[in-house]
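Work through the exercises below with the sequence and the model open. Try each task before reading its solution.

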Amino acid sequence: MTFKLSTFTTALLLGTASLSASADETCASPYMAKITGQEDFVYIWTLGAEGVGDEQDKLVTVDVNPKSKQYGKVIGSLSVGGRNEAHHSDFTDDRKFLWAGGLDTNKIFIFDVATDPAKPKLSKTITDFVAKSGGVVGPHSLYALPGRMIITGLSNNKDHGGRTAIVEYSNAGDYIATYWLPTDSNLEGAIKSGKYADGYNYDVRVLPRKNLMLTSSFTGWSNYMMDFGKMLADPEAMKRFGNTVVQWDLHSRQPKKVFDVPGAPLEIRCAWAEDHNYCFTSTALTSKIWLIHQDDKGEWQAKDVADIGEPAKIPLPVDISISSDDKTLWVNTFMDGMTRRFDISDPFHPKQVFEQKIGAQVNMVSSSWDGKRLYYTSSLLANWDKKGADNEQFFKAYSWDGSKLTEQFSIDFTKEKLGRAHQMRFGAYSLYGGSPK
């Protein structure tokens, strides 16, 4: 038992997973098994939509290998029953299982993607997440640590507000622990460095070599399940957004410091180079890029370093993707359907150098490790997506040659009766020593 704990601790602190892989998503956990070569599939966690197909949430598999006869085609669709507000998903560290959460029903669906990567199978459904976690609602980011899955909650079952926690599970799907976010009334041992300690949560990322874990913040169930237009017109609802990023001790799961990052900081993306001790996030409501960095004294700090579009127009930055060479940050803005490329060679002074409209609305972006392929999806939240003709629901694949994006194919998820396309994850036969059957 002592040996097992020591091995786990060493892996957690040092990051023993290989970072020299030649391909994979650039947002992946450093502990996760990596794809070598071309990805074969993109798995898309998709929201069911009323009047569209079977109306159920589903895991959609698209063939993205240009050498395949099925390239650009949907080759699988696995429905899970009902509409759960399908949102984020991610793999276990061994890449054998894909965990996918529902923000409304709090169910977590675990798919076997190793047995046949082209045809994932639902192997387990966790239905007691709220009870086991002590009242956490809205499983959002699912993130691999050695033998563990860390899950960020968005809300709680007492007031459906933003006070929430991180929840830890084993890869087998067994509950381990709950770690509540610091608040003014209970800082959980953390230092409040500014005005806010709101207890809100959203995304999680780690830098193992620095024993660093970061979490960002969004809003609770009462907001993310509300109609977008109604929420914007409700002054009280607009006050219920997170304004913090929290620094944690990765090993002990102890919150250390609360940073003011006003305006709902969403996705966190950390630099890959061993001497690059910083991560980025973007704020949805204030349209800024923030840098979380280590200063000359070894202390972590938060600084806003760039504007995204015209902040006064609230373009609503959503997903971001960092390149494996730490020189590019892709930033999507939902309201205008744009993707923007920022040069982050100097992380303290990002500069926008490119932009292109992807659709009437755009949310998620995933970049390949070599930076040559980018994938985009459309849906934000069921009640926040645009309406009418602007409610485009798609999965789009682009090539990037360093100066322009060129669309390779597009799948209309409404026309194909699939629903609202949200989070993407890469799959490949090479992960399991296999080949197409």
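**Exercise 1. A charged side chain**

With which side chain does the side chain of R373 make a polar contact?

Solution. First, the ground rules. This is a predicted model, in which local features need pLDDT of at least 70, side-chain atom pairs count only at pLDDT 80 or more, and totals for chains, interfaces and linings use all residues. Residues are numbered from 1 along each chain as its sequence is written, and side-chain values use heavy atoms, with hydrogens and water left out.

Step 1: find R373 in strand β26, residues 373–377. Strands (E, at least two residues) are DSSP runs, numbered from the N terminus.

Step 2: look for the partner. The side chain of D370 makes the polar contact with the side chain of R373, at 3.1 Å. A polar contact is a pair of N or O atoms within 3.5 Å; within protein, one must be able to donate a hydrogen and the other to accept it, and residues adjacent in sequence count only if both atoms are side-chain atoms.

Step 3: check the burial. R373 has a relative accessible area of 15%, so it is buried. Buried means under 20% relative accessible area, exposed over 50%, and partly exposed in between (1.4 Å probe, protein chains only).

**Exercise 2. Aromatic pairs**

Classify the pair F41 and Y43, then the pair F395 and F409.

Solution. Step 1: recall the cut-offs. Rings of Phe, Tyr and Trp (its six-membered ring) pair if their centres lie within 6.5 Å; planes under 30 degrees apart count as stacked, over 60 as edge-to-face and the rest as tilted. The whole structure holds 22 aromatic pairs.

Step 1: take F41 and Y43. Their ring centres are 6.3 Å apart and their planes meet at 25°, so this pair is stacked. Both F41 and Y43 are buried.

Step 2: take F395 and F409. Here the centres are 5.9 Å apart and the planes are at 50°, a tilted pair. F395 belongs to strand β27 (residues 394–400) and F409 to strand β28 (residues 405–412), so the pair ties together parts 14 residues apart in sequence.

Step 3: F395 is buried at 0% relative accessibility. F409 is buried at 9%.

Step 4: widen the view. Ring pairs join F395 and F409 with Y71, Y375 and F426 in a cluster.

**Exercise 3. Charges over rings**

Which ring does R95 lie over, and which ring has the charged end of K396 over it?

Solution. Step 1: apply the rule. A charge sits over a ring if NZ of Lys or CZ of Arg is within 6 Å of the ring centre and within 35 degrees of the ring normal.

Step 1: R95 lies over the face of F91, 4.4 Å from the ring centre.

Step 2: the charged end of K396 is over the ring of F394, 4.5 Å from the centre.

**Exercise 4. Positive phi**

Are E188 and K417 buried, partly exposed or exposed?

Solution. Step 1: E188 is in the loop between β11 (175–180) and β12 (191–192). At 27% relative accessibility, E188 is partly exposed.

Step 1: K417 is in the loop between β28 and β29. At 55% relative accessibility, K417 is exposed.

Step 2: read the backbone. E188 has a positive phi of about 55° although it is not a glycine. K417, also not a glycine, has a positive phi of about 60°.

How values were computed: Helices (H or I, at least four residues) and strands (E, at least two) are DSSP runs, numbered from the N terminus.
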